[in-house]
Amino acid sequence: MQKTHSTGRAKARVSLARRAVLLMCASCAMSGAWAQDYPSRPIKLVVPFPPGGSVDTVARALAPQLQAQLGQPIVIENRAGANSVLGAQSVKRAPADGYTILLNASLQVVNPLIMTTTTYDPEKDFKPITYLGALPQLVLVSSASRYTDLQSLLADARKRPGEVQWATAAYGAGGHLAAELLKVKAKVDMPMIPYKGGAPALNDLMGMQVAAMIEPMASAYPQVKGGRLRALAVTTPKRLPGLPDLPTVAESGFPGFDMPSWYGVWAPAGTPQEIVDKLNAEIRTAMQAPAVASKLSSMFFQPVLSSPSEFAAFVAKELAMDKEIVATARIKLDD
């Protein structure tokens with residue numbers, strides 16, 4: 001009798017296992033068919049900042065070409081607020097079908113490190129599509145400022161601790177982390193004034209409401225070229241070929257300083273890998289199209305264009321490095 005019951009249970013387990021395999025195969029087949037039809041309607045590209053900043057500038061350079069390749073509208077949605085968290089969380093909660101994706105900068109990784117409440121997990125809540133590349137950042141002052149180089153800015157800050165202020169597009173953004181690292185290395189007390197995006201911060205910098213700012217070149221360089229801002233240094237290890245007379249922060253007394261602003265594209269966790277791979281291939285192709293490459297080159301963008309797995313590895317590495325900077329600078333945002 002015992003043998004009969006055991007045999008029955010074994011058969012039941014085998015039957016359940018077969019059903020599970022069949023369901024998995026059916027799911028994979030549906031996913032593959034779904035990916036073949038993708039995209040069949042507009043794709044929403046969420047930019048978690050207002051128009052005019054570096055993230056928005058990169059997104060608007062990419063979107064028209066991507067739209068032409070995919071044959072569907074790419075709708076840019078500027079969903080600003082809460083240090084880019086509102087936009088990121090809207091993508092986290094979106095259906096994992098490839099029709100809502102996120103373009104953000106390094107702040108995507110830094111936010112969970114600096115906020116007092118849990119917002120999202122940058123590795124578990126999102127699926128990496130591609131690491132687009134990086135932008136050099138400029139140390140900026142108003143063209144009417146008396147500061148002519150980085151050392152004159154820092155010297156004044158030492159004489160007037162707490163009075164010479166930095167502006168930043170957002171807490172934890174590439175420019176903010178670069179400024180905090182520079183403050184630590186230079187041993188100066190320069191308060192940080194956060195803004196809701198690069199455009200309003202740059203406006204106040206031009207109006208000399210704040211003394212200085214570090215901002216990616218996509219949004220900063222047009223103001224330098226137009227004569228409204230003065231660049232004191234660039235955050236890359238070497239001088240830029242297009243600006244050979246502009247010294248690096250490393251040359252200005254801080255050897256080894258290297259803090260670009262990087263950009264990537266993510267989908268909600270659970271998005272079918274076939275769709276992620278398709279988006280990865282299409283974005284990489286779009287970034288190399290002559291019109292897009294020319295536009296990005298004009299803002300000194302340095303493309304990388306990784307695979308999804310390479311981007312995941314890069315994010316893990318950035319998390320480790322940013323944790324160290326955040327701890328050293330004691331950065332905390334009361335959200």
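Reader: Contact means heavy atoms within 4.5 Å. Among contacts in the protein between residues at least 6 apart in sequence, what percentage join residues at least 24 apart?

Author: The model is predicted, and the value is computed from it. The contacts considered are those between residues at least 6 apart in sequence. Of these, the share that joins residues at least 24 apart is 79%.

Reader: What percentage of the residues of the protein count as buried?

Author: A residue is buried when its relative accessible area is under 20%. The protein has 335 residues, and its secondary structure comes to 11 helices and 11 strands. The part of the 335 residues that counts as buried is 53%.

Reader: Which residues does Leu-153 touch, not counting residues up to four places away in sequence?

Author: Leu-153 is among the residues with the most contacts inside the largest nonpolar core. With residues up to four places away in sequence left out, Leu-153 touches Val-139, Tyr-147, Val-164, Trp-166, Met-190, Ala-212 and Leu-232.

Reader: Which strands stand at the edges of the open sheet of six strands?

Author: The pairing in this sheet is mixed, and the strand order is 2-1-3-10-4-11.

Reader: In strand 2, which residue is the bridge partner of Val-46?

Author: Strands of a sheet pair through backbone hydrogen bonds, either parallel or antiparallel. Strand 1 (residues 43–47) and strand 2 run parallel and are joined by five bridges. Val-46 has as its bridge partner in strand 2 the residue Glu-77.

Reader: How much space lies in the largest cavity?

Author: The count of cavities of 30 Å³ or more comes to one. The space in the largest cavity is about 150 Å³.

Reader: Which strand supplies the largest share of the lining of the largest cavity?

Author: The lining has 16 residues, and Phe-49, Ser-54, Val-55, Ala-169 and Ala-173 lie nearest the centre of the cavity. By class, nine of the lining residues are nonpolar, six polar and one charged. Helix 2 (54–70), helix 6 (174–186), strand 8 (212–216) and strand 10 (261–268) each supply at least two. The largest share is three residues, from strand 8.

Reader: What is the omega of the peptide bond from Tyr-38 to Pro-39?

Author: Pro-39 is found in the loop between helix 1 (2–37) and strand 1. The bond from Tyr-38 to Pro-39 is cis, with omega near -5°.

Reader: Is Asn-83 buried or exposed?

Author: Asn-83 sits in the loop between strand 2 and helix 3 (85–93). Asn-83 is not a glycine, yet its phi is positive, at about 65°. Its relative accessibility is 13% and the cut-off is under 20%, so Asn-83 counts as buried.

Reader: What relative accessibility does Phe-300 have?

Author: Phe-300 lies in the loop between helix 10 (290–298) and strand 11. Phe-300 has a positive phi of about 65° although it is not a glycine. Phe-300 counts as buried because its relative accessibility is 17%.

Conventions: Residues numbered from 1 in each chain as written. Predicted model: local features only at pLDDT ≥ 70, side-chain atom pairs only at ≥ 80, totals over all residues. Heavy atoms only, no water. 1 Å grid on protein atoms, 1.4 Å probe; cavity = no way out; pocket = protein on both sides within 12 Å on 5 of 7 lines; lining within 4 Å. Points joined across faces, edges and corners; volume = space filled by probe spheres on them. Helix = DSSP H or I, 4+ residues; strand = E, 2+ residues; numbered from the N terminus. Nonpolar A, V, L, I, M, F, W, Y, C, P; charged D, E, K, R; others polar. Core = buried A, V, L, I, M, F, W, Y, C linked by side-chain atoms within 4.5 Å. Buried < 20%, exposed > 50% of the residue type's maximum accessible area, 1.4 Å probe, protein only. Pairing = 2+ DSSP bridges.
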